[in-house]
Amino acid sequence: MKALIETRNRKTERVFLVGVELKTRTGWEIRDSLNELSELANTAGAKVVGDGIQKMVSPCAATYIGKGKAVEFSEICREADVDTVIFDDELTPAQSRNLEKAFNCKVLDRTSLILDIFAQRARTREGKMQIELAQLQHLLPRLTRFWGHLSRQKGGIGMRGGEGETQLETDRRRVQDRIARITRDLEVVRRQRSTQRYSRQRNHWALASIVGYTNAGKSTLLNKLTGAEVLAEDKLFATLDPTTRRLRLDTNQNVLLTDTVGFIRKLPHGLVESFKATLEEVVQADLLLHVVDVSHPQASDQIAAVNTVLQEIGAEGNPTLMVFNKSDQLGGSQEKLSGFLEQYPHGVVISALTGDGIPALMAELGTQLRPLREFFELSVPHDHSGVIARLHEVGQVIERDYNGETARFKARIPPHLHSEFASYIIRNLQAA
Ligand SMILES: Nc1nc2c(ncn2[C@@H]2O[C@H](COP(=O)(O)OP(=O)(O)OP(=O)(O)O)[C@@H](O)[C@H]2O)c(=O)[nH]1
Ligand SMILES: [Mg+2]
């Protein structure tokens, strides 16, 4: 894997985090929020050397935090030899500029940090284009002489991207041209993807998408279920590009299972926009598997954050199966789990790591996806053994009776295979 930090002198970037405690802030305490920001900074390869919080009624238009606080924090930063200050919210272009002057070092906001991590993680052409697009759109209003000057000098977080640091030296015109170009190219890739999707639909296999907060264990689950070898690690946004694998249930149902990018609260809107094409898998899915890390102290807020993003991409109405993961890590807090199960009675409790609960999850998948297949009664002459074998291979045989003049079956068959068995079907049990 390539070096996470690409500053000129290759030293680890030292960062200071700043959060604001607003009166309106509920649920997520500012501390939790800063802890997450700290994880994000670590994921980007930086070292967090300190943080500061200011309580205020509303953020200051010019400098986000108060002027006095900015001076106070900047002194701490100077003493701690801080390279970069990261704010826990999105800053306006003017606030960024003013703060860079006040701190006299690189100032980033949560959005740029997330964009930076995505830029490091992108592997496929489409992924790289999507993230570059989001970065350029975020950069455009902030593109000033000041930024160009900083990028040449510093590099590191927020200063890298698909096209390298040179993009920051270009003027607005060239950034706009590049945005237009990527948008066009993405359109082509998107069209190819929808062709692929179309052929998949003709296959009539059920589509299930794994969604969830970042680090919830989505990739671990896909690996466990399908033997895929998707990178799963204790880092935020380990997965960026979607991976699809076929899962065959005991009921002979084939499911195409997709693992995709994790969500996070305050996910930059531009990023969601540019990832919409990738996330179309989620919108198209017959079933969403919403994976939750139940052992996480903010599990319910994470559920809410995921639902917000699902809403943003237009997938909030999709049938959803709640999957409560990392049950092995719960220890004493079983009552938290009962709370979730009360709220989501169909939820399944698993450990993707130990395999606990996986059979129950597979069974639930079979049940939830059943409506996609029709239920028939069939009559097959005893000597048509090829047909009988085929029926067991592709259908879910619920009842069999070999005692009569012909063999009788009650079975669920995927729609695209009806024609194959048409001459043997004597009754549609679904319709009955
Ligand atoms: N104890 C425990 N750890 C788990 C379980 N499932 C996943 N993990 C760990 O949690 C971390 C994140 O797992 P991933 O599968 O990468 O999570 P993800 O949801 O794909 O994360 P992103 O792709 O980064 O959004 C890894 O260190 C896994 O080993 C589980 O059931 N129990
Ligand atoms: Mg993953």
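**Entry 1: the shell around ligand 1**

I started with helix 8, residues 218-226, which gives the most to the shell around ligand 1, with three residues. I note that this is a predicted model. Next I counted the surroundings: 23 residues surround ligand 1. Lys 218, Thr 220, Ala 238, Thr 239 and Asp 328 are the closest. I then sorted the shell by residue type. Seven of its residues are nonpolar, 10 are polar and six are charged.

**Entry 2: contacts and cover**

I looked up atoms that approach the ligand's oxygens. Gly 217 has a backbone N or O atom 2.9 Å from an oxygen atom of ligand 1. Ser 219 uses its side chain: a polar atom there lies 2.9 Å from an oxygen atom of ligand 1. For Phe 237 I found a backbone N or O atom 3.0 Å from an oxygen atom of ligand 1. How much of ligand 1 does the protein bury? Taken alone, ligand 1 exposes 650 Å², and the protein buries 91% of that. I also checked where the ligand sits, and the place is the largest pocket.

**Entry 3: salt bridges**

I turned to charged pairs. Side chains of opposite charge can pair when their charged atoms come close. With a cut-off of 4 Å between side-chain nitrogen and carboxyl oxygen, I get a count of 19 salt bridges. I picked one to follow. Glu 72 forms a salt bridge with Lys 69, and their closest N and O atoms are 3.3 Å apart. Where do Glu 72 and Lys 69 lie? Both are in helix 2, residues 67-79. They are three residues apart, about one turn of the helix.

Note on methods. Residues are numbered from 1 along each chain as its sequence is written. Chains are lettered from A and ligands numbered from 1 in the order in which they are written. This is a predicted model: local features need pLDDT of at least 70, side-chain atom pairs count only at pLDDT 80 or more; totals for chains, interfaces and linings use all residues. Side-chain values use heavy atoms; hydrogens and water are left out. A residue is near a molecule or strand if one of its heavy atoms lies within 4 Å of it. A polar contact is a pair of N or O atoms within 3.5 Å; within protein, one must be able to donate a hydrogen and the other to accept it, and residues adjacent in sequence count only if both atoms are side-chain atoms. Accessible areas come from the Shrake-Rupley method with a 1.4 Å probe; for residues, only the protein chains shown count as cover. On a 1 Å grid over the protein atoms alone, a cavity is a set of points where a 1.4 Å probe fits but cannot get out, and a pocket is an open set with protein on both sides within 12 Å along at least five of seven lines; lining residues have an atom within 4 Å of a point. A molecule sits in a cavity or pocket if more than half of its atoms lie within 2 Å of its grid points. Helices (H or I, at least four residues) and strands (E, at least two) are DSSP runs, numbered from the N terminus. Ala, Val, Leu, Ile, Met, Phe, Trp, Tyr, Cys and Pro count as nonpolar, Asp, Glu, Lys and Arg as charged, and the others, Gly among them, as polar.
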